[in-house]
Amino acid sequence: MRLNRYLAQSGVASRRAVEEIILAGRVSINGAVCSELSSQVGPTDSVKVDGKLVRPAELIYVLLNKPVDYLTTRSDDRARPTIYHLLPTTFHQLAHVGRLDLDSEGLLILTNDGELTLRLTHPRYKLPKEYLVTLDREFDMADSPKAKRGVYLAEGRARFDSLVKLNSRQVRVVLTQGLTRQVRRVFAAIGYKVRKLRRTKIGPLSDNVLKPGEFRLLRPAEVERLRSEK
C-alpha cells in the first residue's frame, strides 16, 4: 500500500494533508525517515508519525437491502427509523455510499473506505445503477426515447442510460447520474407516477437472496470488482 494511502486510512489526516506531513520528514518506516510519497508499506512494517506508531483502521464493507420507510441518514429530528437501526452498533461508524429515498428500497453500500466511496459516488466514474420500477399505468415504449434523451430538471438534464419494459407497468432502468430522486422525477416529467422503486444493482454488484432489512459483509472479490469498475 502506498504510504500516503496508509496514513490516510490510519486517520492521520486527509490524503492531501498527509502528503505534506510526509514531505516534511515527519514519517518513519522501520526507524528510517521517509519523505517519498510513493513509498510502499507492507503488512509487517512499523510506521510512525512524529514518533507515534500508526496503523490503518480495518476496512469494512456492508451491503444492506434497505426497506421502504427507513431514512438514509444517521439520525432524524422527527425520530423516524434510519438505516442504522437495521445495523449493529459496531457498524454505526460506517458511512452510506449514496442514498435511497424514504419511499425507495434496495441495495445500499456502507463502508469506512473513503477512497472506494469516492470511486462509487464521483460523477466522473459514471457508476451504473440499476432499478426495478413499477408505474401507475402501462408504459408506452414510444416514451422510451424521451427518457433516454433526457428531461431538464433544475440541476440540468437527467436521463436514463437504458430502459427495458418487463411487463405492462414494470420497467428496468439503468442510470449513471446521481441526481436527487432522479428516477421518479424523470418519469413524472414524461407523464408517469412511480408506485414502487427498488435498486437491484450497483455497478457489478447484485444480490437476489438478501431480504429487505437484511445485510451482509461484501466478499473480497466483490470489493475488488467495485474498485476496478470503470
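## Pockets and cores in a predicted model

The lining of the largest pocket is made up of 13 nonpolar, nine polar and eight charged residues. This is a predicted model, in which local features need pLDDT of at least 70 and side-chain atom pairs count only at pLDDT 80 or more, while totals for chains, interfaces and linings use all residues. Residues are numbered from 1 along each chain as its sequence is written, and side-chain values use heavy atoms, with hydrogens and water left out.

**Largest pocket**

- The largest pocket has a volume of about 630 Å³. A pocket is an open set of points on a 1 Å grid over the protein atoms alone, where a 1.4 Å probe fits, with protein on both sides within 12 Å along at least five of seven lines; lining residues have an atom within 4 Å of a point.
- Of its 30 lining residues, K129, Y131, Q177, G178 and R199 are the closest to the centre.
- Two or more lining residues come from each of α3 (114–121), β8, α5 and β13. Helices (H or I, at least four residues) and strands (E, at least two) are DSSP runs, numbered from the N terminus.

**Second largest pocket**

- The volume of the second largest pocket is about 180 Å³.
- Its lining includes R5, Q9, R15, N112 and E115.
- Helix α1 (3–9) and α3 each give two or more residues to this lining, and α1 gives the most, with three.
- By class, four lining residues are nonpolar, three polar and four charged.

**Nonpolar cores**

- The largest nonpolar core has 21 residues, and V133, V173, V183 and F187 have the most contacts inside it. Such a core is a set of buried Ala, Val, Leu, Ile, Met, Phe, Trp, Tyr and Cys residues joined through side-chain atoms within 4.5 Å.
- The elements giving two or more residues to this core are β8 (129–135), β9 (151–153), β12 (170–175), α5 (182–189) and β13 (194–202).
- Apart from this core lies another, of 14 residues, including L107, L120, V223 and L226.
- Leaving aside residues up to four places away in sequence, V183 touches Y131, V133, F160, V173, L175, V194 and L197. Contact means heavy atoms within 4.5 Å.

**E105**

- E105 is placed in strand β7 (residues 105–111).
- E105 counts as buried because its relative accessibility is 11%. Buried means under 20% relative accessible area (1.4 Å probe, protein chains only).
- Among the residues that E105 touches, not counting those up to four places away in sequence, are K66, V68, K196, R198 and P212.

Conventions:
Buried means under 20% relative accessible area, exposed over 50%, partly exposed in between (1.4 Å probe, protein chains only). Grid points are joined across faces, edges and corners, and a volume is the space filled by probe spheres set on the points. Ala, Val, Leu, Ile, Met, Phe, Trp, Tyr, Cys and Pro count as nonpolar, Asp, Glu, Lys and Arg as charged, and the others, Gly among them, as polar.
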